[in-house]
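Hello,

Here is the structure I said I would pass on. My notes on it follow below.

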Amino acid sequence: MRKLMPVILLYCLMVTLPLVAKPMLLGSHSVWPPYVQNDDSGLSYDIVAAAFARSGETFALQTAPFSRAMRLAHNGNIDMIPALWFTQARAEHFLFSQPYLHNELIFISQATQPVSFSGLASLAGKNVCMIRGFAYQNLLSGHPTVNVITQLHLSECLRQLARGRVDGMIADRFAAAYTITHHFQEETFTLHPQVVASWPLHIGIIKTHPRAQQLIQLFNQGLAEIIEDGTYNHLLSHYPMISSDLRAIQSQ
């Protein structure tokens, strides 16, 4: 019997190990404060992690350029894009969750070089910066005389604008305000109040993922639970600029 003990212990370990070492869900996205700030930080990470935690899933976020994150999802190297806008082209490959936030895009110009902005058509002949790979670049597809310059991060667009290398940029209102407040002189920029476009924010999971349907359902269920018990509003409260004004999903 003593000789059998190591074999029995090894068998017990092999049986119980899958219960202990549940695979971690992995997502990737570019740095996009305050939604994605660094690995495992930012409002999107907080909400997605909290929603999945309700079903016992652990979520980790690794930052990467957005275009690279999308390739990782298509290649099956990650489980999801944690902050994704819906487009028909993306819907051919991704399943989308219920929205958990709402984004409003605005035009931003340099305060010392006023730009009269009355809509996208008024940007004809101008150099406009956008984040590379983001779906909102399609907004200017019908305006061929607008010269689009892309950068990897919103902060890089703001630097280009501050240096006068572009005439303006289009970005999410709160992401721009947050980044300007924390890294730039606020009086350098003019945030035009007109909303260029408004999109709900989802998680996206590639359809070929073996758990795609299940994970979307788990997230939706967890999201409903954290909204109902106040966890969602508590997470928003960590970002006062957003929680005081953002059209959060429960008010839709």
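The torsion about the S-S bond of C129 and C157 is about -75°, so this disulfide is left-handed. Please keep in mind that the model is predicted. The sulfur atoms of C129 and C157 lie 2.2 Å from each other, and the structure holds one disulfide. The bond links distant parts of the chain, with C129 in strand β6 (residues 127–131) and C157 in helix α5 (residues 154–162), 28 residues apart. Are the two cysteines buried or exposed? Both C129 and C157 are buried.

The largest nonpolar core has 78 residues, and I170 is one of the three that touch the most other members, along with W32 and Y100. Helix α2 (residues 43–53) gives this core its largest share, eight residues. In soluble globular proteins, nonpolar side chains tend to be buried together.

The last item is helix α3 (residues 66–74), whose buried residues are F66, A69, M70 and A73. These four are on the same side of α3 because they cover an arc of only 100° around the axis. An α-helix has 3.6 residues a turn, so residues three or four places apart point the same way. Among the elements that cover the buried residues of α3 are β1 (25–29), β3 (81–85), α4 (88–91), β4 (94–96) and β9 (189–206). After α3 comes G76, with a positive phi near 80°.

Regards

Terms used: Residues numbered from 1 in each chain as written. Predicted model: local features only at pLDDT ≥ 70, side-chain atom pairs only at ≥ 80, totals over all residues. Heavy atoms only, no water. Core = buried A, V, L, I, M, F, W, Y, C linked by side-chain atoms within 4.5 Å. Buried < 20%, exposed > 50% of the residue type's maximum accessible area, 1.4 Å probe, protein only. Helix = DSSP H or I, 4+ residues; strand = E, 2+ residues; numbered from the N terminus. Arc of directions from axis to C-beta. Contact = heavy atoms within 4.5 Å. Disulfide = S-S within 2.5 Å.
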